[in-house]
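The sequence and structure come next.

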Amino acid sequence: MRIVLLLHSVTGNTDLVARYVQRHLAAAGHQVRLVDIRLEPDPKQLEDMDLLGVASPTMYFRSSFVMDKYLRGLIEPAEPRPAFLLATAAGEPGAHFEGQAALLDARGYRALGAHWVSAPSNWPPQRVVSLPMGLGKGLGRGLARMLPAFRPMLGLFWPDCTEPQNEDKEALESFLGRMLTSAERGDSEALMQPLYKPWLPGAAAAGRRMTPTQASKATATRIDEKKCSRCGGCVQVCPVECITWPVGQPVPQVGSNCVGCWACYHRCPTGAIAGWLSPGGLGQYAGPPEGMRKIFGRH
Ligand SMILES: Cc1cc2nc3c(=O)[nH]c(=O)nc-3n(C[C@H](O)[C@H](O)[C@H](O)COP(=O)(O)O)c2cc1C
């Protein structure tokens, strides 16, 4: 089967999992091309395929705005094409899949199923709030192993509790197997429903109705001129070209079209980018921890 796997990743969790998926499917004899949409941002250049995969992190109980924009630009195939949806999330993908399925449907792709892999949270405010509890991380991990169903909740306090385990790899492989079979047979499975309930206003509003402007307000990033090392990394990493460095300005400037992904924040080597509840680079995420690399990395 010719499979194209679209990828968006801010800090590497989804990247690691998507590359694993690519190797896993290739080992089963499929031709798989991984398209990092930050490096290849034009959906019009996508070739025809038998199956489309979409891999992106959950943000604000929804899929990333960057992936949504890419999906909106897909060229409609001559015949409808099957697709599968994959997320990494720290506990609750919310409306991630229903949103992506609707976008794909409008472009002539039918979502056959969706799956998410539990991964440490890279949301800086959460990591900052959890910092004083760093000592409890071991305890949190122990509890998470005993009570897997509570992992997302424990992850609120110890974001690394949501680190995937071997069972998560097996669940992913089983999902991929089902997607290949579904693509051949033409059937599909029900998409996962959000765990959160409508009476949880924050969660429901974020997932279904969150706009990029609201996300950027939640981030509220600004650049501290005194701390900035002038490396330009934030300009390079911004997926929506919101951070620019106009001639004559001493440091890069944050524009108005931020989508709240925190890519710049994580990239800044001197912690010069500050955000809501996370000043001076506190809570920066260094990418998938060793345990996660051991599970999904190349051996
Ligand atoms: C702005 C932001 C919002 C997030 N919102 C959610 C969320 O609603 N639910 C969730 O389970 N994880 C959430 N996360 C955690 C990420 O989904 C998780 O860490 C993911 O694995 C990051 O993938 P990446 O390293 O490929 O970017 C959020 C992270 C960020 C930065």
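## Polar and charged links

Across the interface of domain 1 and domain 2, two residue pairs are in polar contact, both at pLDDT 80 or more; such a contact is a pair of N or O atoms within 3.5 Å, one able to donate a hydrogen and the other to accept it, with residues adjacent in sequence counting only if both atoms are side-chain atoms. Zero salt bridges are found across this interface, a salt bridge being a side-chain nitrogen of Lys or Arg within 4 Å of a carboxyl oxygen of Asp or Glu.

The model is predicted, with local features needing pLDDT of at least 70 and side-chain atom pairs pLDDT 80 or more, while totals for chains, interfaces and linings use all residues. Residues are numbered from 1 along each chain as its sequence is written, and side-chain values use heavy atoms, without hydrogens and water.

## Extent of the interface

Seven residues of domain 1 are in contact (heavy atoms within 4.5 Å) with 16 residues of domain 2. The two domains bury about 800 Å² between them, 73% of it on carbon and sulfur atoms, where buried area is the accessible area (1.4 Å probe) lost on being put together, summed over both parts. In domain 1, Arg-38, Tyr-60 and Phe-65 lose the most area to domain 2, together 58% of what that side buries.

## Aromatic pairs

The count comes to three aromatic pairs, with ring centres within 6.5 Å. The centres of Tyr-20 and Phe-296 lie 5.4 Å apart with planes at 75°, so this pair is edge-to-face (over 60 degrees; under 30 is stacked, the rest tilted).

Methods: Rings of Phe, Tyr and Trp (its six-membered ring) pair if their centres lie within 6.5 Å; planes under 30 degrees apart count as stacked, over 60 as edge-to-face and the rest as tilted.
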